[in-house]
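Here's a quick tour for anyone meeting this structure for the first time. Have the sequence and the 3D view open, and we'll go through the strands and then the helices.

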Amino acid sequence: MTQRSPREQALVIGGRGGIGRAVAKYWCEDPRFDAVWEVSRHAPNKDSQSGQPRSLQTDHSEKDIEEVCREVVEESSRLSRVVIALGTLHGADYGPEKSLDALRRAAMEEVYRVNCVLPMLWLSALAPGLRKNPDCRVAVLSARVGSIGDNGLGGWYSYRSAKAALNMGLKSASIELARRAKGVKLIAFHPGTVDTALSEPFQRGVPEGKLFTADFVAERLSGVLDEHNANGQISYLDWAGKPIPW
Ligand SMILES: NC(=O)c1ccc[n+]([C@@H]2O[C@H](COP(=O)([O-])OP(=O)(O)OC[C@H]3O[C@@H](n4cnc5c(N)ncnc54)[C@H](OP(=O)(O)O)[C@@H]3O)[C@@H](O)[C@H]2O)c1
């Protein structure tokens, strides 16, 4: 039997974060792909060898986002998988707010920017290229705490509302893409609680067996994307492939 040569490409935006890095690594070992791009703020790997992602650096300015997307689309014969894995929950001078009186403008703006504005700008710049790539499946890292229906605990104002805003942006994008890029599947993805820098300060209360490795989640994310053809609708799914209420 003749072996099919690889002819698909994958793109991971936020490729040096815990989850993004694991996804790029997972796809580098997947024989379907002959190129995997990872985009991050960090300097590209100079001596990137075969079997490793091709690194592209970005400052996330609109001009740069457009240039990176143009380069990836031009160099791709068939871009079939995209993951946008950008997010922040805490930084040097901010963290998830427990009460209304903890809200600060600068922290809110930063959390909105990284969790919602940047992923939507990347999707916007990628959209023209997605139209040329049939059956391209795009996962954007959201979170269960972005679900309005599921919010029984409150708190985490900036992160929850930034992810809810992201979900709404993705929902609108799916309606537009269903008309203008029929072959694209969008998934708002909740990875579970994953052992990365983002969750590190909040891992103490996680029940045993519920703190996932990034490698496990990369495999799940890839599997969930494989299971979903473009059907003109967005899905909001967790790591097990189960739907989350909006
Ligand atoms: N870990 C969890 O338990 C968990 C749970 C639910 C949802 N999520 C979501 O999963 C996604 C990935 O998170 P992670 O766990 O892999 O976290 P992480 O290791 O902290 O990675 C964060 C990612 O966001 C990017 N980023 C952070 N701050 C940024 C800034 N100021 N400007 C531009 N980019 C910035 C990083 O970019 P670089 O690649 O350039 O470093 C990195 O790719 C996020 O959307 C997060 O909300 C995670």
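How many bridges join strand β5 (residues 136-141) to strand β6 (residues 184-190)? There are 6 of them, and the two strands run parallel. Keep in mind that this is a predicted model. One spot to look for along this pairing is V138, which stands opposite L186 in β6.

**The sheet**

β5 and β6 belong to an open sheet of 7 strands with parallel pairing, and the order across it is β3-β2-β1-β4-β5-β6-β9. At the edges you'll find β3 (54-57) and β9 (235-238); each has a single partner strand, so one side of each is left without a neighbour in the sheet.

Let's move to β4, which sits between β1 and β5 in the strand order. β1 and β4 run parallel and are joined by 5 bridges, with L11 having V82 in β4 as its bridge partner. Over on the β5 side, β4 pairs in the parallel sense through 4 bridges, and here R81 has R137 in β5 as its bridge partner.

Is β4 mostly covered or mostly open? Mostly covered: 6 of its 6 residues are buried. β6 is mostly covered too, with 7 of its 7 residues buried. In a regular strand the side chains alternate between the two faces of the sheet. You can follow that along β6: V184, L186, A188 and H190 are on one side, K185, I187 and F189 are on the other, and all are buried.

**Helices against the sheet**

What lies across the strands? Helix α1 (residues 18-28) lies across β1 (8-13), β2 (33-40), β4 (79-84) and β5, and it runs at about 170° to β1. Helix α3 (residues 105-130) packs on the sheet as well, touching β1, β2, β4, β5 and β6, and its direction makes about 175° with that of β4.

Which residues of α1 are buried? They are I19, G20, A22, V23, A24, W27 and C28. Their cover includes β1, β2, β4, β5, β7 (193-194) and α5 (214-226).

**Helices against each other**

| Helix pair | Angle between axes | Axis distance |
|---|---|---|
| α3 and α4 (residues 157-180) | about 15° | 8 Å |
| α2 (residues 62-75) and α3 | about 35° | 9 Å |
| α1 and α5 | roughly 65° | within 8 Å |

Start with α3 and α4, which pack at an angle of about 15°. That makes α3 roughly parallel to α4. α3 passes α4 in a right-handed crossing. On the α3 side the contact is made by M108, V111, Y112, N115, C116, P119, M120, L123 and A127, while α4 brings in S158, Y159, S161, A162, K163, A165, L166, G169, L170, A173 and L177. By type, the residues of this contact split into 15 nonpolar, 4 polar and 1 charged.

Next come α2 and α3, where α2 passes α3 in a right-handed crossing. Here E62, I65, E66, V68, C69 and V73 of α2 meet L121, W122, A125, L126 and G129 of α3. The residues of the contact of α2 with α3 divide into 8 nonpolar, 1 polar and 2 charged.

The last pair is α1 and α5, and α1 passes α5 in a right-handed crossing. From α1, the residues taking part are G18, I19, A22, V23, K25, Y26 and W27; from α5, they are A214, D215, V217, A218, E219, L221, S222 and L225. This time the count is 10 nonpolar, 2 polar and 3 charged.

**A stop in a loop**

One more residue before you go: S199, found in the loop between β7 and β8 (211-212). Is S199 buried or exposed? Its relative accessible area is 8%, so S199 is buried. Leaving out residues up to four places away in sequence, S199 touches T193 and V194.

Technical notes: Residues are numbered from 1 along each chain as its sequence is written. This is a predicted model: local features need pLDDT of at least 70, side-chain atom pairs count only at pLDDT 80 or more; totals for chains, interfaces and linings use all residues. Side-chain values use heavy atoms; hydrogens and water are left out. Two strands pair if DSSP finds at least two bridges between them. Contact means heavy atoms within 4.5 Å. Axes are lines fitted to C-alpha atoms, for helices over the stretch in contact, and angles run from 0 to 180 degrees between N-to-C directions. Angles under 35 degrees count as roughly parallel, over 145 as roughly antiparallel, 65 to 115 as roughly perpendicular and the rest as oblique. A crossing is left-handed if the near helix is turned anticlockwise from the far one by less than a right angle, and right-handed if clockwise. Ala, Val, Leu, Ile, Met, Phe, Trp, Tyr, Cys and Pro count as nonpolar, Asp, Glu, Lys and Arg as charged, and the others, Gly among them, as polar. Buried means under 20% relative accessible area, exposed over 50%, partly exposed in between (1.4 Å probe, protein chains only).
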